[in-house]
Amino acid sequence: MLPKLPVLDSWVSTGSQGEFVQTVLTLGARRLGAYVCFANVHMLVEAQRDEEFRRVLHEAAVVAPDGSPVAAAVGWFNPGHRQPRLAGMDLLPALLRAAAEAGQSVYFYGTTEEVLAAMVARARQELPTLRIAGTHAPPFRPLTAEEDAAEVAAINAADPDLLFVALGCPRQERWMASHRRQIRACMLGVGQAFPVYAGLERRLPPWARRLWLEWAYRLWLEPRRLWRRYLVTNSRFVYLLTRRTLAHLAGRPAPRIVV
């Protein structure tokens, strides 16, 4: 399993993209119901605020440093370690290629039928040997117990090795944690990677991503939905990092901060 290093009160997995891909394929082959989180600033601040969600993150088999600030913070809190960003938007196509080569099957769960259809069309064109076990777009509301049981049964009947989940943070992480003893596949909460892979949402060019501008681009696309997440949550993340850094420099125990 990939080693984890601390960032604030959470633990983030470390390694190269190739190591992450191989670890996920191994988890898929074991069929133990493990789940993978892609941690951005929002997720770490949510884990800092909510003890139950922090436990969800702690119990994930892999916590990839999805956001550039999170990847950088791995090095800030663990001197001498340089960790590249491992975004779900980049790992999704890499994992699909690897799954096709390894003969593993995949299932796409979440977003809308339009997005899922576009994803399947692209995958079948670029990866004709990829085994797509199924897709499902659940309703945008809480499911009844009967509906949830039916969806779990349908996923297990399709028997995928990898189950990609896009329900938004923190809903998808809570969903994976609550279903890990019911679903045999390795679950991956990749969120916004679905519409990007489907070609329905563009990403910034690599140079802009290296400048940490992707959050600003997404805020520009969806200001009413994301303004609080990015402006308020990012400020809290900087505050938490500053408090921890000053405590470390002063030789004091790291403060436990609830936000």
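**View 1. E52 and R174 pair up across the chain.** E52 is partly exposed, with a relative accessible area of 37%; for accessibility, buried means under 20% relative accessible area, exposed over 50%, and partly exposed in between (1.4 Å probe, protein chains only). R174 sits in helix α8 and E52 in helix α3, so the pair links distant parts of the chain, 122 residues apart (helices are DSSP runs of H or I, at least four residues, numbered from the N terminus). This is a predicted model: local features need pLDDT of at least 70, side-chain atom pairs count only at pLDDT 80 or more, and totals for chains, interfaces and linings use all residues. Residues are numbered from 1 along each chain as its sequence is written, and side-chain values use heavy atoms, with hydrogens and water left out.

**View 2. R55 and E51 share helix α3.** These side chains form a salt bridge at 3.9 Å, N to O. R55 and E51 are about one helical turn apart because four residues separate them in helix α3 (residues 51-58). E51 is exposed at 53% relative accessibility, while R55 is partly exposed at 41%.

View 3. The R141–E147 salt bridge spans 2.7 Å, N to O. R141 is partly exposed at 38%, and so is E147 at 27%. Elsewhere, shared partners tie E46, R49, D50, E52 and R174 into one salt-bridge network. The whole structure holds twelve salt bridges.

**View 4. S178 in helix α8.** S178 lies in helix α8 (residues 171-179) and is partly exposed at 45% relative accessibility. Its side chain reaches the backbone oxygen of W175 at 3.0 Å.

**View 5. L96 in the largest nonpolar core.** This core has 44 residues, and L96, F108, M119, L162, F164, L188 and F194 have the most contacts inside it. A nonpolar core here is a set of buried Ala, Val, Leu, Ile, Met, Phe, Trp, Tyr and Cys residues joined through side-chain atoms within 4.5 Å. Helix α5 (residues 88-102) gives the largest share, nine residues. Not counting residues up to four places away in sequence, L96 touches V106, F108, L127, L130, F164 and Y197, with contact meaning heavy atoms within 4.5 Å.

Conventions. Helix = DSSP H or I, 4+ residues; strand = E, 2+ residues; numbered from the N terminus. Polar contact = N/O pair within 3.5 Å; in protein donor to acceptor, adjacent residues only side chain to side chain. Salt bridge = Lys/Arg side-chain N within 4 Å of Asp/Glu carboxyl O.
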